[in-house]
Amino acid sequence: MINHPPGPPLRPRPAPDDPAGLAVLGASAVRARDTAHPAPLRGRARAARLLVLLAAFVCAACGLVYELELVALGGQLLGDATTQTSVVLSVMVFAMGVGSLLAKRLTRRPAASFALVECALALTGGTSVLLLYWAWARLDQHGATLAGVVAATFLIGVLIGAEIPLLMTLIQRIRREDAGRAAADLFAADYVGALVGGLAFPFLLLPQLGQSTGALLTGAVNAVAGAAVVLRLFRDEVSPRARVLLWTGCGLVLLALAVAAACTDAIERAARQALYGAQVRLALHSRLQEIVLTGDADPTARVPPQRAPLELYLDGRLAVCGPDEYREHEALAHPALGGGPAGRVLLLGGGDGLALREVLRHPAVRAVVVVEPDPALADLARRDPALAALGEHSLADPRVRLVTGDPLRWLREADGSYDVVLSELRGRPYDTQEFYGLAARLLGPGGRLAVRAEELWPAEATLRAAGLRTAPYSAADGPRHCPRGPGSPAAFVLAARTPPVLTLTAPTRSLTPDHLRTTAAALATTRPDPLPAPRTLLG
């Protein structure tokens, strides 16, 4: 359809109302000028140009989806989402520059080169999530997984970077025009496509399809919109044999993506079994995290290997070990509930219902508000028989009101006061001075705030920076039934506006007042002076 053989650029022609120019051109040249761009060709060129801009739009959307997939996957597999985001974005931008330079060698045959680039990008980007997840589960090595993420990011970035120079060449093949105008149209299509891809990832692809299937579908769209459209428009640029080979390659890429999509469940199941063991009962991708439930359906299973204990993993991290979890949840709830009034309780996180179970055992509790960021976890705690039984169906208690949403935003908008605030949330922004300050604002007279501390002394320093007095302590020790569980008791911090008192007013299975006082005294002897700097959202 569009066939402009390579050659030197046309010389500028005199304006049609320039008599001197007409004399120079001559009658035959004037006739050639007048018939050089007949109306039908202008119409076809306009349509072809729009199709190339549409291809740029779709390819930009697909490219941003690949980038966001790698950012999300890196944060989930390797932790420290800030670092992974910085690594992926910086490597991607650098690789795009490399790809733009390499594309200069491909502009002699831009249509065929663009088709090859899009086929390679569709295959690489479409399968990247599945392959990286498989490698992470099989290798179980942080360094190897990070190297895989960087390598995939670099390769995808090089291919994305080659797109714009090739598309610019194709647009100029259709109709020569000022480079600035062509670049403006091309970048406008590219940026709008990036907007659509960036919005489609969190609101459509991730919640509806999940990461792996969403990436595979994006690869298929990339192959069709990028390679097929351009090959159709510029089919006369390559020989019939090369054209057949390119179409065959595009078809094979689509076939490979279809096969990968059909095998996604089996691949993910095998990877999870390699990572978590053979008894993976349930796995799902929510909008915020991957949730995996393993072990026997009986939550009281305690004696491996006859019965594997129930385990709940969030993004690959062991969050709940059925036979052991009561020690940590008792340590979070009961010291805070025992130090004063406990009628109204706010639980930040805790969508699994286990800390809530301990709160509801206290006789003074009249109302509990649970703010859980992931509605999928709360839904699982209700409908999975084993997890619901382990939590004693606490989410169904009439004293409980469940709110799903961002806890930080909820705290900013909340009013009223609570006697006890408990936080099971981990990592930024939930271990910062701003978050603790908002939580402390809701404490009523004599109110207490208890948090689980992944790093004890930074957590205590941050709570003190929020204007609270603190008392660190630890959970009770005991046998470990889950091999991937922590090797030492979890640490906690109880905080209040006045020096908090570590005591108990309800019976527990693992804690005693003597244990609380003993662990608090032992931890006090190891407290650094001065404490580390408090954590902030910007720190």
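This is a predicted model: local features need pLDDT of at least 70, side-chain atom pairs count only at pLDDT 80 or more; totals for chains, interfaces and linings use all residues.
How many salt bridges does the count come to? The count comes to 22 salt bridges.

**Stop 1**

Select D384 and R281. These two residues form a salt bridge, with their closest N and O atoms 3.2 Å apart. D384 sits in the loop between α13 (375-383) and α14 (385-390), while R281 belongs to strand β1 (residues 280-285), so the pair ties together parts that are 103 residues apart in sequence. D384 counts as buried because its relative accessibility is 6%, under the 20% limit. R281, at 33% relative accessibility, counts as partly exposed.

**Stop 2: buried pairs and a network**

Select D324 and R327 next. Their side chains meet in a salt bridge with an N to O distance of 3.4 Å, and both residues are buried.

Then move to R357 and E358. In this salt bridge the closest N and O atoms are 2.9 Å apart. R357 counts as buried, with a relative accessibility of 3%; E358 also counts as buried, at 1%.

**Stop 3: the largest pocket**

Select Q289, D315, R426, G427 and R428. Of the 49 residues that line the largest pocket, these lie nearest its centre. The volume of this pocket is about 1800 Å³. Coloured by class, the lining shows 19 nonpolar, 13 polar and 17 charged residues.

**Stop 4: the cavities**

How many cavities of 30 Å³ or more does a search of the whole structure find? The search finds 2.

The largest cavity has a volume of about 120 Å³. Select L73, Y133, Q211, H285 and E290, which are the closest to its centre among the 14 residues of its lining. Two or more lining residues come from each of α2, α4 (110-139) and α8 (211-233), and α4 gives the most, with 4 residues. The lining of this largest cavity divides into 6 nonpolar, 5 polar and 3 charged residues.

For the second largest cavity, select E328, H329, L332, E424, R452 and F492, which line it. Its volume is about 40 Å³. By class, the lining of the second largest cavity has 2 nonpolar, 1 polar and 3 charged residues.

**Stop 5: a nonpolar surface patch**

Finally, turn to the surface and select L195, L199 and F203. These residues form a nonpolar patch, with about 340 Å² of accessible area together. Is L199 buried, partly exposed or exposed? With a relative accessibility of 45%, L199 counts as partly exposed, because that class lies between the 20% and 50% limits.

How values were computed
Residues are numbered from 1 along each chain as its sequence is written. Side-chain values use heavy atoms; hydrogens and water are left out. On a 1 Å grid over the protein atoms alone, a cavity is a set of points where a 1.4 Å probe fits but cannot get out, and a pocket is an open set with protein on both sides within 12 Å along at least five of seven lines; lining residues have an atom within 4 Å of a point. Grid points are joined across faces, edges and corners, and a volume is the space filled by probe spheres set on the points. Ala, Val, Leu, Ile, Met, Phe, Trp, Tyr, Cys and Pro count as nonpolar, Asp, Glu, Lys and Arg as charged, and the others, Gly among them, as polar. Patches are made of residues with over 30% relative accessible area and no salt bridge: like charges are joined within 9 Å, nonpolar side chains (Val, Leu, Ile, Met, Phe, Trp, Tyr) within 5 Å. Accessible areas come from the Shrake-Rupley method with a 1.4 Å probe; for residues, only the protein chains shown count as cover. A salt bridge is a side-chain nitrogen of Lys or Arg within 4 Å of a carboxyl oxygen of Asp or Glu. Buried means under 20% relative accessible area, exposed over 50%, partly exposed in between (1.4 Å probe, protein chains only).
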